[in-house]
Amino acid sequence: MTSPKRNLRVSSFVVGILLLLGCRDAPVEPGPIAMRRITADQYRQTIADVFAPEIKVTGRFEPDSRRNGLLAVGTAWVSITPAGFEQYDAMARRIAEQVLDPEQRRRFAPCLPANPAAPDAKCAAAFVRKYGLRLLRRPLGEDEVASRVALAAEATKQTGDFYAGLRVVLASLLVSPEFLFRVERAVADPGHPEVLRLTDFSLASRLSHFLWNTTPDEALLLAAERSELATDAGLAREIDRLLASPRLEAGVRAYFSDLLEFDALEDVSKDTLVYPHFSRQILEDAREQTLRVVADHLVTRRADYRELFTTRNSFMTRNLGLVYGVPVRAREGFEATSFAADSPRVGIQSHVSVLALHAHPGRSSPTLRGIFVREALLCTEIPAAPANVDFTVVQDVANPDLKTARERLEAHRTEAACESCHRLVDPVGLALEPFDGSGMFRATENGVAIDARGELDGKEVVGPAALGEALRDSEAAADCAVLGLFRYAFGREPELGERAFVRALEGRFEDSGYRFSDLMREIATSEAFRTTSGPREAPAAAPAAGKEIG
Amino acid sequence: MTSRRTFLRGSLGGVAMALNLPLLDLFLDDAGTAFASGAPLPVRFGTWFWGCGMNPQRWIPSALGKDWPSTPELAPVELVRQHLNILSGFNVVLDGAANHPHISGVIGMLTGGVPPKPEDVPAPSLDVLIADAIGNGTRFRSLEFAATGSPRHSYSLRDAASRNPSEVSPLALYQRVFGSGFSDPNAAVFAPDPEVLLRKSAISAVGEDLKRLERELGSHDRQRLDAYLTSLRQLEHQLALQLEAPPPLAACRIPDAPAPTEISADVDRALDNHALMADILALALACDQTRVFNVVFSYGASNLQKAGNTTGHHQLTHEELVDAKLGYQPEATFFVDRSMEAWASFVAKLAAVEEGDGTLLDHCLVMAHSETSFAKAHDVTGLPVMTAGRAGGRVATGRHITGSNDSATRIGLTMQQLMGLPVERWGMGAMETGSSVSELFS
């Protein structure tokens, strides 16, 4: 079957090929690069990978910032505040102390000093090279090695301890901007000087963070050093290795944690007088439940992405069993289970994690849930409220007997200025009204039977199961997966010159039967992923806010 | 390194120039207005924010000047009224831009510009401008805390990329200020920790990385690296301070560590945590650990909650009916009353610390504000603002002052001038102003 949309994809693809002959995926004018602050998860995983999982990372991370729906995009915008730097410094010192304490140092230091009480330039240099490469994700220049070796010698002289020197060096690497930010570099392609290509080490880092959510491992760094990533075959081989690894699951979970806004679960508190059964443990289990379902569905089963919205497969703990009203045999941990055919729990959007997150502390919110489905799952842009709206008229609710959320919202929606947005989001959320603000099933609200009639793109959907099916069949939802993963991989919105590439990805995703790891491969092997227009430039400076005298 | 004393002198020169007022007199070494060492007592600046505004007809006093009659919603501040100024009738001027609910009002007030998009930060917030001028000499450039549990609840913004996160737990705030790295200014013996030198060299080594890196980056990243560098310099400075014996401070006292507390947006928990953190902050100021602070009692679109109620503060402002007899929303107003009580207690805590010949509050200038006036309407005109403290004698207190519908940037401009910044105009577009609030000057 060839839809008009597919035709458009094909034709723009052909034009692209004509424009840039000779490249496999040519129809792309690549976008800018910007450094990305590593996330708390990436920091923790990097320390575990470079040293050992037993090395504890203790401290608070600066809050991330969400942009275009993703923290991964926000990382290309945020900086580091004084309070945040204090914390990074404290973490760095605690890590360096553990790595170089008398018990551990033999394991991590690549050599033994000639005299443990005196500087040893050769051994210090070996340490700096080894961990500089792993932490800064590129080999250090000779001058960089020399300056850190000098730093180590200085500290050793002060303390009479060779390892105190290494400790200072390691702490300084861990607060370096090139550790805390992923800095990508590009150079002109020798064959096509107009094309800026990521350096091998930058590409290795981009791949590893995209697919595994951590720093490159030694094999990937070796491939970069040997310039193997510069060849299609070498690159494909490494990408195959990364995709086949059990660590892909960590990468997929990181993407969905971000997309589903699970960072915000930390700030969720429910009113325990309204929801006495609710607890922090339930929320944590619910988060893990959803991520397990996602990983099982997309990685283990390699199933159709769209069926995430209809799957009844799940995982349960005893705690969760109480909220979901299903028996759980396992006394501890998770057990695989599936919801009954007549259960309203259909798809991940009917999970407690999602439902409790997008609700108020004491009640459900069709609006918040509708915004979530629209923005995160369908990539609908919800317009900001128009300028100078008089919000007073909205709330003149004459009838004090509005018992259900539907009644309250309908009263609220009568004003034209608000209707445009609320009509976009509320009917989607109303289909999820059989779940209360804590994500528990309910048949009534304040004694009135729940009316779960909703709407998605002109089609009536009644209840959670119908909403799941509508999402599965929605072309927007499948395209949104492509756009979301693009944003995640590149740390930004697609540029104008990348739209044809995104269209092509949508087509290939469809062709693959909506296999998510195939989509990851398409992005990772693409020309767009390896090239750039150069560093991002800031928009022209805004007019000065203050004027000084003199 | 610039010493604390030279820094203060420098900024004072600026005040004299900007205002043409004989403020220098206030800082002469009169008995009681100086450190024991002879340096003048520092003047501190702070902001105190609460979400979802008030009910104008119940909050704004009916007369101006010294003898303003009390109002139902200002009743909680009666006990501290001699320390306050009540400012009404100041507007954030949207000038055709969208009113991003619960955002435009506060960003306009603090940055002097209305944000085109909700995530935009048109300029640094007021406290950052002031901290850049007076915060360099102390261990912390500024301290932030929020009573509602989220470190994101902060309006201290260098730019959209750097939001100074709030401390949310009394224990964590205590540990940050009075834990490792704190030198007691009144300790009999000063023994610097040799580890501090090592720490300093570890951080300074990064300087070379920065120079190399800066050449390779685009302007977007260079700006971000600048913010990183500011943060790094602040820590270097903290460490340098730890190598010097701090001057003795009579008002400084080390508090006991607070017990861990439950942190949530339940208004009772927020009041408790706010009180505990206010106590710690007061002593952090008395011990001269920082001269700039920002408190968020509740964030814009306040998430405060009353146990057992299905609807929180923000939703109540929109959904609760205006009671026909009372003429306001009683459930939503419950949270206005709690916010004013919290503010009054905050002021009282600063006033309870004796310092010099007065109190800590006398050497502070605190600006309390909200993002709306009447929250139900997201109204950014007639925003409620109060100041507390005399800023070392620079501010006259006790009055109700009206802005007569002028731009709220007049307040921000005046705050900067009172804190010694040489600024004569401030604000962007329709919010730009050169007119300070003259009634605030003593």
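Student: What conventions apply?

Tutor: Residues are numbered from 1 along each chain as its sequence is written, and chains are lettered from A in the order in which they are written. In this predicted model, local features need pLDDT of at least 70 and side-chain atom pairs count only at pLDDT 80 or more, while totals for chains, interfaces and linings use all residues.

Student: How many residues of chain B are in contact with chain A?

Tutor: Two residues are in contact if their C-beta atoms, placed from the backbone, lie within 7 Å. Here 74 residues of chain B contact 65 residues of chain A.

Student: Which element supplies the largest share of the side of chain B that touches chain A?

Tutor: Helices (H or I, at least four residues) and strands (E, at least two) are DSSP runs, numbered from the N terminus. H8(B) gives the largest share, 12 residues.

Student: What is the strand order in the open sheet of chain B?

Tutor: Two strands pair if DSSP finds at least two bridges between them. The 7 strands run S3-S6-S1-S9-S10-S2-S11, with mixed pairing. S3 (143-146) and S11 (400-407) of chain B each have a single partner strand, so one side of each lacks a neighbour in the sheet.

Student: How many bridges join S9 to S10 of chain B?

Tutor: 4 bridges, and the two strands run antiparallel. His369(B) stands opposite Val385(B) in S10(B).

Student: Which strands of chain B does helix H12 touch?

Tutor: Helix H12 (residues 409-418) touches S1, S2, S9, S10 and S11 of chain B.

Notes:
Axes fitted to C-alpha atoms, helices over the stretch in contact; angles between N-to-C directions.
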